[in-house]
Every structure is written in C-alpha cells, then in structure tokens.
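Trainee: I am new to this one. Can we go through the terms and check each label against its rule?

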Amino acid sequence: MNEIALTVHQTARPHGFPTADHFAFVESTPPTPAPGSALVKNLYWSVDPYHREMMDDVPGGFALHAPLEGRAVGQVVASRTPRLAEGAIVLHRHGWRTHAVITPEETRHLPRFDGVPLSNHLSVLGGTGLTAYVGLTRIARLQEGEDLFVSAAAGGVGTATGRFARLLGAGRLVGSAGSAAKTEHLVREVGYDAAFDYHDGSAADLLRKAAPDGVDVFVDNVGGEQLAAAVGALREFGRIVRIGTISQYNTPDALPPRFDYADIVEKSLRMEGFLVSNHHHVQEELYEFAVPHLQSGRLTPDETLLDGFEHIVDAFLGMLHGENTGKIIVRDHGEAGA
Ligand SMILES: NC(=O)c1ccc[n+]([C@@H]2O[C@H](COP(=O)([O-])OP(=O)(O)OC[C@H]3O[C@@H](n4cnc5c(N)ncnc54)[C@H](OP(=O)(O)O)[C@@H]3O)[C@@H](O)[C@H]2O)c1
C-alpha cells in the first residue's frame, strides 16, 4: 500500500493566538493494528475551542511533537478484533490524523439515521449538540416561555442552543456574535428574535437594547464583559449556564469580568458550569429529541465544512478568529461529493 498517513503535531506553546507555525504535518505509512485493535480511516474531524486550552502547558494538555487528540468520525478499514467490523462507522478521539489505530473500548459505533448526514454526529448530534441540550435541560432547566440570552450564539454550541431552545418552547431569544452577517443569520435562519455584534459597543448597553425587559437564562460560551452584562440583565431566579470562556483563551493577561456580586443574592441567581464529558448518559435522549426534528426538517444543523485534512490547522485557527458559522468540521475530500 503506497498510502501516506498524515498526523498533526503541536511544535511550540503559543502565548496569545496560535499560528500555523505552532503545528507540523508529519508523514508516515499508515499504522498497522495490533491484535485487539483496528485501523480507521478518518472522514470528518472536529476542531474545538478546548484544543486551544490544551495547547498551553497545563495538566492533561497536548504534548509537543506527538499526535493530538480530537473527535473524529471514521471508517474501519482493517480489523484485528471481532468487535470492530471492517466498514463500521465509528466515533473516537484520535483525531488530527488521517489514519488511527483504535480499540473497541475507546470507540463508539455511530447509529445511522435515514437522511441524516455523518457530519451531524460532530455537530447537533455530537458533543456540540449534547452541550447545548444538557445546558438547556439539565443546567438551566428551561421552562416554556422563558427568555434567553446566548453568547457566541452563531457558533456550534450557540446555534444548537438557539435551535433547541426554540423547539423546547423558549420565549424571546437574544444572541450575540462577532459580525453583522452572523447576527443576520441568527435572526433570519436560527430563530433568534434579536442579535447584536458585541464589537458595536459596551455589552451592557447592547444587551439592554436587545433585551429591555431582561432574560431568565444566560447561556455563556464567552465569559468576560458579556458575562458581567448578563448578571445585570437577569431577572429574579435567573440562571447562568457557564459553558465556556472563549474570550480568555487567547488573551491570558485579560482581567476577569467585574460584576455586582450583590445581584446574585438579591435576584436569587444561580450560576452553574458543567463539562459535557460528565453527561454522556444523555446522548440517547438527545437522539430521541433531535433526530425526528432533523428528519422532518424542523431542525437544520449549522455547519461550516472545510474540505481536506490538509486544512485542519486553518480550520482550527479560523474558528478561534470567528470565521465559522455553526460547528466547524473538516471533511475528507472523498466525502465531499458523497
Ligand atoms: N462545557 C463543555 O463541556 C463545553 C463543550 C463544548 C464547547 N464548550 C465551550 O463552548 C464555547 C463554544 O464552543 P464551540 O465549539 O461551539 O465553538 P464555536 O462557538 O463554534 O467557535 C468559537 C466562536 O467563538 C467566538 N469568539 C472567539 N473569540 C471571541 C471573543 N473574544 N469574544 C466573543 N466571542 C469570541 C467566535 O465567533 P464570533 O465571530 O461570534 O466572535 C468563534 O466562532 C467555547 O467556549 C467552548 O470552550 C464547552
């Protein structure tokens, strides 16, 4: 077999925004599976904001000059275990490489749903959708008619949150994003009632204008100034769902947000963070909720697809700079016309 395998390594630690110089593509022959494992050819890759956190010298972070971890969907092409049949489509965490050797224990067989493309397993049906679903149903415990504010609303988690909230009977939906094109997409396509570009002024002023009567729930993907603004805008018994802090990942020297701590008491607010990795047991419920809506067309996944593994670093860097709308996914050239 003359096939070449490509693997991305991190080669240096960034301070601030990473660049392509912090990565290298390493060529090899495709690996050979040992007994009990299988060789997978990856078809779709997820690049995620948490990868930026792992680029730092932190416990559990990426090792330099070694393969990186990341979610990928692939097809088993050679197997030395009866538990991974050749041809099976699987989800695993050996991403950032074209070929991966996997074991059954670290792999999930993906169910195939009629009319649902494979990429959706990395967007609305994957960790991104699960994060949005858990945030709304388990952390916010959203009630029908409640009003929401969502930051980074045009990203993967943000669009899934908006679309799921609409299907769950939310009231007014307000989102923030980084460009006029994105705010327009939120209102025209995703189902938000109002959206603002957070570059256009102080977050408190922009939020006050978009949600003059306040909100019941804030789904926070960003932190910083928008978190402080939301504390002010929340009504009594409001909830802050802390999902991520992307405003700080590339600005390690930024000051933490300042807000009125008394608001937390006087309005009986609850702020709760979570990691989706502690909620895998909700996956089947997400399928039951989302798949019929996908099949009926009531739920449209928002995805930015980049074709070609050679663009995986560009996809990651572009996502950090806000170039994606919806979940950013890298697709193998062979899948592009499939
Ligand atoms: N808790 C969990 O288990 C969990 C799971 C998944 C994701 N997350 C977190 O959820 C958040 C969203 O993740 P995602 O995968 O859906 O990524 P995403 O929103 O699709 O992509 C990141 C987006 O963040 C925005 N952004 C970048 N810098 C920003 C800044 N300084 N201020 C405001 N927005 C900024 C950009 O959009 P704009 O153009 O709008 O700036 C960019 O498109 C991240 O914080 C991530 O770490 C947490």
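Mentor: Start with burial. A residue is buried if 20 or more other C-beta atoms lie within 10 Å of its own, exposed if 12 or fewer, and partly exposed in between, with C-beta atoms placed from the backbone. Helices (H or I, at least four residues) and strands (E, at least two) are DSSP runs, numbered from the N terminus. This is a predicted model, where local features need pLDDT of at least 70 and side-chain atom pairs count only at pLDDT 80 or more, while totals for chains, interfaces and linings use all residues. Residues are numbered from 1 along each chain as its sequence is written.

Trainee: What makes E9 mostly covered?

Mentor: Five of the five residues of E9 are buried. Leu173, Gly175 and Ala177 point one way from E9. Val174 and Ser176 point the other way, and all of these are buried.

Trainee: How do you know whether Ala140 is buried or exposed?

Mentor: Count the C-beta atoms. Ala140 has 25 others within 10 Å, so Ala140 is buried. Ala140 lies in the loop between H2 and strand E8 (148-150).

Trainee: Which residues is Ala140 in contact with, leaving aside its neighbours within four places in sequence?

Mentor: Contact means that the C-beta atoms of two residues, placed from the backbone, lie within 7 Å. By that rule, the partners of Ala140 beyond four places in sequence are Gly135, Val217, Val219, Arg239 and Val241. Also, Ala140 and Arg242 are 102 residues apart in sequence and 9.9 Å apart in space, C-alpha to C-alpha.

Trainee: Why does Leu207 count as buried?

Mentor: Leu207 has 26 C-beta neighbours inside 10 Å, so Leu207 counts as buried. Leu207 lies in helix H5 (residues 203-210). Outside four places in sequence, Leu207 is in contact with Phe149, Ala229, Ala230 and Ala233.

Trainee: What makes two strands a pair?

Mentor: DSSP must find at least two bridges between them. E8 and E9 have three, in the parallel sense, so by the rule they pair. Phe149 has Val174 as its bridge partner in E9. Strand E11 (residues 215-220) and strand E12 (residues 234-242) pair over five bridges, again parallel. There, Val215 has Leu234 as its partner in E12.

Trainee: What is the order of the strands in the open sheet of six?

Mentor: The order is E10-E9-E8-E11-E12-E13, with parallel pairing. Strand E10 (194-197) and strand E13 (270-273) stand at the edges. Each has a single partner strand, so one side of each is left without a neighbour in the sheet. From one strand to the next, the twist averages 15°. Angles run from 0 to 180 degrees between N-to-C directions, and axes are lines fitted to C-alpha atoms, for helices over the stretch in contact.

Trainee: Which strands does helix H4 lie across?

Mentor: Helix H4 (residues 180-190) lies across strand E9 (173-177) and E10. H4 runs at about 170° to E10.

Trainee: Is Trp96 buried or exposed?

Mentor: Trp96 has 30 other C-beta atoms within 10 Å, so Trp96 is buried. Its place is in the loop between strand E5 (89-92) and strand E6 (99-102).

Trainee: How is the protein chain divided?

Mentor: Into domain 1 (5-123 + 302-336) and domain 2 (127-277). The bounds come from an automatic or database domain assignment. Taken over C-alpha atoms, the domain centres are 29 Å apart. 16 residues of domain 1 are in contact with 17 residues of domain 2.

Trainee: Which residues come nearest the ligand?

Mentor: Near means a C-beta atom, placed from the backbone, within 6 Å. Of the 32 residues around the ligand, Gly155, Gly156, Gly178, Gly244 and Gly322 come nearest. Domain 1 and domain 2 each give at least three residues to the shell.
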